[in-house]
Amino acid sequence: MKAVELHHGSATDVGLVREVNEDAFLCAPPVFVVADGMGGHDGGDVASAIVIEEFARLAGAGYDPDRGPEVVAETLEACQRRIEAYAAQQRAAGLPDFQSGTTAVVALLVEAEGEPRWLLANVGDSRAYRFAHGRLEQVSVDHSVVQELIDAGTITAQDAASHPARHIVTRALGGQERPVADYFLLPLGAAERLVLCSDGVTGMIDDEELGRIAAAAADPRDAADQMVAAAVAAGGQDNATAVVVDVVGLVHDPVYDSARQRASLEQKLGALP
């Protein structure tokens, strides 16, 4: 696969209501993930951590870019098995009603027709957006009760923001039914910037505000920070996580300079002079 230069940023915050941050994220170019754990005391943080571990394993081991959907499906299946096993252990230990789960939204580079593409996949209501030509557009479709009500014409998208069932997802890893992910293949030119985020962001700020931040922040690290900060400032009712990835362009250097990116980040944070 041709090398693609990517710059990325990420941020997460427990918010102002929750005691534990059950969100987790991965930035391991060319694999990016946000997972939103569910279950509260039933180990949502463990479920989301399992998703991150499995996709980190995939990024570290490498994958066939021609088999993107199969690779993602196999990794999600591994996540499902581990979350099921974890929940079974808890039930066997005396917690008969134990059940945990997590959403996941994934972006990774694959190859199609000899060219690199973004492959996006989601289970649940964590979202993927693309930003191009000054416009933000939601790519993924929520697996949620309110999305089904919107599709049926029962409520509007505006109604969904305050609907009492807005947090109920219809697909999740760790659920009793095997989750089926949705997949979206994008040319790199169709997504100058990708945004992956949990519903702790999209539940607190609307797409217009998210797009304004994406347009105004040139650095993806600033964009991620500002998206999460805006969600917290708007009330912080849930854990909030954002990952922002910029496609800088096709380059011929086959080695992604992750060390330079890390040094740049540490300088930005004041850890390096």
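**A loop arginine and its surroundings**

Modeller: Arg166 sits in the loop between helix H4 (157–160) and strand E9 (182–187). Helices (H or I, at least four residues) and strands (E, at least two) are DSSP runs, numbered from the N terminus. This is a predicted model, where local features need pLDDT of at least 70, side-chain atom pairs count only at pLDDT 80 or more, and totals for chains, interfaces and linings use all residues. Residues are numbered from 1 along each chain as its sequence is written, and side-chain values use heavy atoms, with hydrogens and water left out.

Start with how open Arg166 is. Its relative accessibility is 34%, so Arg166 counts as partly exposed. The scale runs from buried (under 20% relative accessible area) through partly exposed to exposed (over 50%), with a 1.4 Å probe and protein chains only.

Now look at what surrounds Arg166. Set aside neighbours within four places in sequence, and Arg166 is in contact with Asp125, Val146, Ala160 and Ala161. Contact here means heavy atoms within 4.5 Å. The side chain of Arg166 also reaches the backbone oxygen of His163 at 2.9 Å. That is a polar contact: a pair of N or O atoms within 3.5 Å, where within protein one must be able to donate a hydrogen and the other to accept it, and residues adjacent in sequence count only if both atoms are side-chain atoms. Further along the chain is Gly203, 37 residues from Arg166, yet the two C-alpha atoms are separated by 8.7 Å.

Step back to the whole chain. The secondary structure comes to 8 helices and 11 strands. Of the 273 residues, 48% are buried. Take the contacts with a separation of 6 or more: 71% of them join residues 24 or more positions apart.

Thr241 gives a buried case. Thr241 belongs to strand E11 (residues 240–250). Its relative accessible area is 0%, so Thr241 is buried. Beyond four places in sequence, the residues that Thr241 touches include Ala11, Thr12, Asp23, Phe25 and Val34. Leu196, Cys197, Ser198, Val201 and Val228 are also among its contacts.

Next, the helices. Two packed helices are described by the angle between their axes and the distance between the axes. Axes are lines fitted to C-alpha atoms, for helices over the stretch in contact, and angles run from 0 to 180 degrees between N-to-C directions. Helix H1 (residues 44–61) and helix H2 (residues 68–92) cross at roughly 145°, and their axes come within 9 Å. Their crossing is right-handed, a term for the near helix being turned clockwise from the far one by less than a right angle. From H1, the contact includes Val46, Ala47, Ile50 and Val51. From H2, Val71, Val72 and Thr75 are among the residues that take part. The contact residues divide into 13 nonpolar, 1 polar and 4 charged. Nonpolar covers Ala, Val, Leu, Ile, Met, Phe, Trp, Tyr, Cys and Pro; charged covers Asp, Glu, Lys and Arg; the others, Gly among them, are polar.

Glu54 shows this contact at residue level. Glu54 is found in H1. With a relative accessible area of 9%, Glu54 is buried. Glu54 and Ala78 are 24 residues apart in sequence, and 7.3 Å apart from C-alpha to C-alpha.

Helix H6 (residues 207–216) and helix H7 (residues 220–233) also pack, at about 150° with axes 9 Å apart. That angle makes H6 roughly antiparallel to H7, a label for angles over 145 degrees. H6 passes H7 in a right-handed crossing. H6 brings Glu209, Leu210, Ile213 and Ala214 to the contact, while H7 brings Ala223, Gln226, Met227 and Ala230. These divide into 6 nonpolar, 1 polar and 1 charged.

Last, some backbone details. Most residues other than glycine have a negative phi, and most peptide bonds are trans. The bond from Pro29 to Pro30 is cis, with omega near 10°. Pro30 lies in the loop between strand E2 (23–28) and strand E3 (31–38). Glu113 is not a glycine but has a positive phi of about 55°. Its loop runs between strand E5 (104–112) and strand E6 (115–123), and Glu113 is exposed at 79% relative accessible area. His133, also not a glycine, has a positive phi of about 55°. His133 sits in the loop between strand E7 (127–132) and strand E8 (135–138), and its relative accessibility of 71% counts as exposed.

Notes
Angles under 35 degrees count as roughly parallel, over 145 as roughly antiparallel, 65 to 115 as roughly perpendicular and the rest as oblique.
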